[in-house]
Amino acid sequence: MTGVSRRVFMRNTAAAGGAAIALGGWAGEAFAAEPTAAAGIASSQLVTVTPSDPRYASLVAGANGRWVGTPNYVLVASTADQVVQAVQETLDKGLRFAVRSGGHCYEDFTSNANIRVLIDISAMTGISHDTARGAIAVDAGAQLGSVYQTLYTNWGVTIPGGTCPTVSVGGHIPGGGYGPLARSHGVTVDHLYAVEVVHVDAGGVARKVVATREANDPNRELWWAHTGAGGGSYGIVTRYWFRSPTATGNDPTTLLPKAPRELIVSEVAFSWNGMTEAAFTRLLRNFTAWHEANASATSPYAKLFSAIKPRHKLAGEFLMSSQIDTALPNADALLDNYLAAIVAGTGLTYRVDTRKRVDWLYNVLNWPGLGGSGFEGKGRFKAKSAYLRRTMPDAQIKAFYKHLTRTDYNNSAALVEIAGYGGAANLPASSATATAQRDSIIKMLFVNLWATQAEDAANLAWIREFYRDVFAATGGVPRPGGVNDGAFINYADADLADPALNTSGIGWEPLYFKDGYCRLQAAKNKWDPKNVFRHTLSIRNV
């Protein structure tokens, strides 16, 4: 690394006690409520922003610098009715459009060259208790940090979402949602009660509809489709309602899981210096074996979340971040036992960078960012994902070691986040939601970050080779139903839909959705029969 302390970079790549579960800003900073691209544009009328407008550049650029859109104009909507208007006007002009809430899409779904109109809903940020529905209503442009802060401050509750506070719920929720509280409370959509969607009917008319999880709701399949299919397949979600399935009554303090009051957060660093392949293998085997042994929702460790993040050897070291709810009896002892289990038999020691008690709300609002201090310029990235159902096989770990120690690759900002799963996330049946992976123990995010277009080829080649080697036994992808269980749609990877890159014979559809894909297609036929809402990984019409 040049010009940046490896230790500073490594420390700042960890979410204190959480995982870099959603890519956001590259440097850590305290969350400022709703710093959206459309801030200040909210209006009683639909707002058109053209390329000559100084606001245009920020509205068409997202978190991944590889993708910058060039639409003819951006329509900023502040209400669901304005979204209906925006969709209808654009359809009537025969223009291709896409929707954006927070701009955190990993691929080019909202910035593709074919997109001529971008509908921005980031100004829609309301959060309230809907007494009529007995649920908490959250507009699709609201950012996770604002959601966490409002839910906790007003009612002491939360949703088990991701760690990046600037991710908007618009795209986060329909992909399933996932975060450090998943082992305690399940994935986010396990608490989704209803969605409001602007869709287009067979006559080409834009309409607004609400779909709930109620068994007698004729629109229920539209709700189901928004519990794991990803965004941009059925319409534009303008509002979500959250209410846990076990909630009773209409007291907002009981409608969702109680947020932890305090956490013990731990961050330890492992040095590459002197680390043998045998020690590295044992470390990753221990980490994944521990999660297999403690995958039950009744485990005393169900409220412990941890992620180990092996980095390329050039970084010098890599981190393991953990958090545990202090409300657990003997929380400190449980954490100590966990740390001891991870290093057992490795011969490794670790440096303790953090071990402290922190207020939960402060912790979730102060995510340090994936890139860390000094890496603000590394705005381009590629990501891939996989679920793991059992202890990681030695052959997969061998591929990790090979690619993370390659001497012909010189990007220290390349890592895999191996994050804890299981617990309450595995309680629902695989068909209960469109999030079909319900017996996994680990979720993995492969990612590398770089600065310039000239570096694209080398970095894309590395992560693609790495991924293929890890899953070589199943054709280069994490085949569902074996050791692995497919991939996570919120970590969108268009490579899986490219036959030149995915030569496994396993389509992207079962990798993301398993047996639920046919059901998702049936919902697509009903709610978007003209295939208005489409992108590389959108649900296809039959």
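Buried here means under 20% relative accessible area, exposed over 50%, and partly exposed in between, computed with a 1.4 Å probe and protein chains only. Strands (E, at least two residues) and helices (H or I, at least four) are DSSP runs, numbered from the N terminus.

This is a predicted model, in which local features need pLDDT of at least 70, side-chain atom pairs count only at pLDDT 80 or more, and totals for chains, interfaces and linings use all residues. Residues are numbered from 1 along each chain as its sequence is written, and side-chain values use heavy atoms, with hydrogens and water left out.

**Neighbours of strand 4**

Two strands count as paired if DSSP finds at least two bridges between them. Within this pairing, display Val74, whose bridge partner in strand 4 is Leu118.

Then select strand 3 (residues 97-100), which also pairs with strand 4 in the parallel sense, over four bridges. Here Arg100 stands opposite Asp120 of strand 4.

**Two asparagines with positive phi**

Most residues other than glycine have a negative phi. Move to Asn330, where phi is positive at about 60° although the residue is not a glycine. Asn330 lies in the loop between strand 12 (317-325) and helix 9 (331-343), and its relative accessible area of 61% makes it exposed.

Continue to Asn531, in the segment after helix 14 (517-527). Asn531 likewise is not a glycine but has a positive phi, of about 55°. Is Asn531 buried, exposed or partly exposed? With a relative accessible area of 27%, Asn531 is partly exposed.

**The whole chain**

Finally, zoom out to the protein chain, whose secondary structure comes to 14 helices and 16 strands. Its radius of gyration, taken over C-alpha atoms, is 22 Å, close to the 24 Å that the globule rule gives for 542 residues, so the chain is as compact as a globular protein of that length. That rule is 2.2 Å times the number of residues to the power 0.38. The C-alpha trace spans about 65 × 55 × 45 Å along its principal axes.

Colour by burial to see the 62% of the 542 residues that count as buried. Of the contacts (heavy atoms within 4.5 Å) with a separation of 6 or more, 75% are between residues 24 or more positions apart.
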